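Subject: Structure handover

Hello,

Here is the structure for your files. My notes on what was found in it follow below.

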Amino acid sequence: MNTISALFSILIFPAGLALILVGMLYEWVDRKLVARLQNRIGPRWFQPFADMLKLFAKEQISPGSANPLLFFGLPIMALSGALTAALYVPLMGRPVVHSFPGDLVVTIYLLSLLTMSMGVAGWNTSSRFSLIGATRGLTQMFAYEAPFLLALLGPALAAGSWQISEINAYSANHWMILTQPVGFVVALIGLMGKLELPPFDAPEAETEIVAGALTDYSGRGLAIFNMGKSVELVVGLTLMASFYLGGVDGILVFLIKTVALLLVMAVFQSLLTRLRIDQTVGIWWRFGAIMGLAQILIMILWRGWL
Amino acid sequence: MNTEQLLQQAETLLVAWNKESLRPDPTRLDAVITADDLRAATQAIHDANWGYLSAITGLDLGPEAGQMEALYHFCNGSAILTLRVRQSREAKAVVPSIAEIIPPASFFERELQEMLGFTISGLNNNNRLFLPDDWPEEVYPMRTDFKTAQAAPVPGRLADELPEEGVVGGNTFVVPIGPQHPALKEPGHFEFTVDGEIVTGARMRLGYAHRGIEKAAESRNWSQNLYLFERVCGICSHTHALAYSMGVEKLAQVEVPPRAQAIRELVAGLERVHSHLLWLGVAAHEAGFDTLFMYSWRDRETVMSLLEQITGNRVNYSANVLGGVKCEIGPEQAKAVKEGLNYLESRIRHYLEVVTTDVMFLNRTRGIGTISFDEAVKFGLLGPTARASGLVRDVRVEAPYGAYLRFPVSAVTETNGDLEARFVVRLKELLVSCFTMRTVVDNLPEGPLSVRVPRKIPAGEAISRLEAPRGELFYYLKSNGGENPARIHVRTPSLCNWVSVLEKAVGRQLADVPMLIAGMDPCFSCNDRMVTVARSGDRQNWSWEQLRQHGIEYYSR
């Protein structure tokens with residue numbers, strides 16, 4: 001019985017299938033919000049599903065120069081990384097599926113798997129656009145990863161635990177966006193960097209390098225990568241809401257908080273001009289990392305006083 | 001100095017080489033010189049800083065005459081000096097290259113060489129550069145005795161294939177952009193050699209949508225050609241039709257009624273607004289600022305509707321007829337135009353604020369692709385690209401034509417010469433245009449809309465220049481007194497501005513390249529009226545090594 005319920009949690013709800021569907025819905029919300037902010041109509045609610053179905057129905061063309069094992073394996077790795085990360089976060093306000101002390105670090109690294117898979121995928125297909133896209137993606141990862149981690153460590157230090165479920169429980173009584181506003185900003189922007197949303201979309205800047213690392217991907221491979229991104233969007237938003245916005249302990253609370261975050265992200269996406277890769281790196285190390293460090297220092301001092 | 005004094009000064013400059021002076025009309029001086037003297041004469045004009053080289057027209061005088069003529073048009077204010085060089089048609093028709101003195105001349109000289117079979121001595125690169133690779137040898141399409149059958153593709157020669165550079169070195173490789181690429185919705189091809197993110201070499205090729213319009217014009221009558229030339233460009237269609245009509249009217253010695261001239265200026269003004277707003281959106285998209293793109297294109301719809309309301313068409317307005325216009329501005333249209341202009345003006349002011357204050361956007365425009373005043377002169381830039389560097393190149397101001405005598409405009413210039421300056425110049429220019437258009441609508445002269453232009457145009461030649469949204473548009477028309485033109489030559493502003501991209505891309509980041517391309521507002525369809533291929537370091541053939549060296553030096557500065 002226990003096994004069946006665990007399998008259900010992992011494969012159907014809240015992780016697994018339900019997560020993928022929710023991810024696509026969130027992708028639609030993001031697209032719709034950005035469209036409305038840009039004075040466009042935007043897609044209808046089923047557009048991401050239709051895109052996915054279409055991609056799955058299409059032939060996947062594998063370039064001759066690519067290693068087929070990597071070419072087909074990397075999208076799956078990216079998606080499974082994001083799906084595994086979902087097990088440790090309180091998705092849809094449900095208790096976490098699996099938890100152990102220190103799972104915060106594991107989750108953050110599982111979330112990086114997507115970027116790394118895309119980097120390797122871009123290098124593997126050896127198209128010029130992919131190669132530049134992959135280089136940019138990985139360069140960018142080195143820029144935002146450390147500040148993002150630092151920004152998530154702030155709440156962890158406050159809660160005195162590196163276990164996501166415990167931080168979530170702690171933040172139910174502490175809105176850490178109020179006590180750690182700097183960390184919140186860094187984490188939110190870091191999440192946008194992770195998801196390669198504008199202004200951090202240099203790795204897939206269509207006006208320079210077509211579709212970046214995924215230029216040669218089509219059909220199923222592309223669909224799975226896109227799915228991975230949608231899942232990562234939801235997981236990232238959940239993480240943010242549970243750390244900074246007073247935790248998530250119910251499906252309604254979850255929806256309100258994550259969609260509110262998504263709205264803020266959509267505003268940033270439509271307001272900001274794409275940064276060049278050197279500007280991205282500069283901003284992260286000059287401001288992001290220092291702000292994150294300052295936040296951590298303050299937290300340590302504060303914990304020391306108590 | 002007025003036009004007459006300018007022309008006299010030019011005549012004095014050329015006195016040592018001038019074989020014969022002609023004055024076809026009060027603003028023009030034709031000086032007949034020999035090919036051997038061309039370089040010396042050009043040097044003298046260049047050293048005296050007399051105007052700029054606007055175009056080089058090649059003429060084939062036919063097998064009976066056995067001669068060809070190359071016309072070097074220099075413009076200074078409204079004065080036009082033409083150096084006429086005649087060469088035998090049968091021999092190689094050797095003309096020395098003047099590209100060492102005036103770098104942008106190499107574009108024009110290559111056209112001369114490929115289209116008419118002149119031999120340009122001193123032009124180091126004699127590879128097939130203008131016509132498709134499978135075009136047969138020694139067949140020159142602009143010669144009068146050219147037959148289409150001669151142009152059969154040579155089998156075994158791959159068309160439009162550039163030598164594959166592939167991976168150049170350890171970290172260097174070529175990024176191709178176009179002719180099918182999301183950055184470029186138009187058929188151009190660029191190859192940027194990049195070392196990591198830094199561009200170390202640039203070259204380009206055009207001519208993917210060549211339509212042979214100049215040749216086609218010779219087999220159509222004068223009024224059919226009006227509609228043909230309107231289709232040279234899909235964005236500035238009115239200016240092409242206008243330049244052509246003005247040339248024909250000059251040849252026929254017909255005076256266009258003032259009301260028609262005013263309406264022509266009005267349509268040209270609206271077209272400028274539509275063209276610049278379109279450009280603003282595209283440029284913002286290249287920078288990754290899609291919100292500005294969406295908003296500016298939404299507002300562009302206002303001006304498109306105005307054009308449709310006035311002329312009945314959104315793209316090829318077809319407002320002109322030879323001798324006037326065919327659309328009337330009634331009280332209803334006048335009201336719509338004024339309302340539309342009020343709205344547009346407020347929006348343009350807003351965009352001006354955005355492009356000068358948005359920090360993220362300025363990151364991508366300020367100090368990037370800077371062209372100094374001297375470089376602008378040297379590269380022979382035109383239009384807003386030149387004006388952003390402080391160089392006043394605006395035919396409306398320098399040599400007012402048509403209604404611009406009655407409703408003058410002022411030239412907008414900036415001094416920084418970077419991408420930001422090009423945004424500011426174009427937007428401020430629109431404010432000036434809006435103001436002028438309002439004046440035109442309020443003070444429309446009364447009178448007929450057109451006068452009759454004869455079917456047969458008297459023999460002669462005419463030059464008409466006007467300011468298109470992208471810069472000076474140059475038309476040369478020649479009539480033999482028949483129903484069809486003998487030769488029409490078009491030089492579009494984009495052709496003169498390419499150098500700004502190729503020169504400025506080297507040493508910059510790849511991410512800046514789309515912005516640089518967009519910064520000059522290139523118009524591919526204008527260029528592809530003729531087949532043009534230009535390569536990097538067009539200031540006479542730089543090797544890859546030299547280009548790379550230039551890039552390294554530029555970057556380390």
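Helix α8 of chain B

Helix α8 (residues 290-311) of chain B has 22 residues, and from its first C-alpha to its last it reaches 31 Å, close to the 32 Å expected at 1.5 Å a residue. The expected span is 1.5 Å times one less than the number of residues. Helices (H or I, at least four residues) and strands (E, at least two) are DSSP runs, numbered from the N terminus.

This is a predicted model: local features need pLDDT of at least 70, side-chain atom pairs count only at pLDDT 80 or more, and totals for chains, interfaces and linings use all residues. Residues are numbered from 1 along each chain as its sequence is written, while chains are lettered from A and ligands numbered from 1 in the order in which they are written.

The buried residues of α8(B) include Leu292(B), Tyr295(B), Asp299(B), Arg300(B), Val303(B), Leu306(B) and Ile310(B). A residue is buried if 20 or more other C-beta atoms lie within 10 Å of its own, exposed if 12 or fewer, and partly exposed in between, with C-beta atoms placed from the backbone. The cover over the buried residues of α8(B) includes elements from both chains: α2 (17-37) and α12 (251-271) of chain A, and α7 (258-286) and α9 (331-357) of chain B. After α8(B) comes Gly312(B), with a positive phi near 90°.

Strands of chain B

Strand β4 (residues 67-76) of chain B is mostly covered, with eight of its ten residues buried. Strand β3 (residues 52-60) of chain B runs antiparallel to β4(B), and eight bridges join the two. Strands count as paired if DSSP finds at least two bridges between them. β3(B) and β4(B) form a hairpin with six residues between them, and Gly62(B) in the turn has a positive phi of about 100°.

β4(B) also pairs with strand β5 (residues 79-88) of chain B, in the antiparallel sense, over ten bridges. That hairpin has two residues between the strands, and Gly77(B) takes a positive phi near 60°. Glu69(B) stands opposite Leu59(B) and also opposite Arg86(B) in β5(B). Gln67(B) has Ser88(B) in β5(B) as its bridge partner.

Strand β2 (residues 28-33) of chain B runs parallel to β5(B), joined to it by six bridges. Here Arg28(B) is the bridge partner of Ile80(B) in β5(B).

Chain A has 13 helices and zero strands. Its radius of gyration is 19 Å, close to the 19 Å that the globule rule gives for 306 residues, so chain A is as compact as a globular protein of that length. The radius is taken over C-alpha atoms, and the rule is 2.2 Å times the number of residues to the power 0.38. Buried residues make up 52% of the 306 residues in chain A.

25 residues of chain A are in contact with 25 residues of chain B, where contact means C-beta atoms, placed from the backbone, within 7 Å. On chain A, the elements that give two or more residues to this side are α6 (128-159), α10 (206-209), α12 and α13 (277-305).

Regards

Terms used
Contact = placed C-beta atoms within 7 Å.
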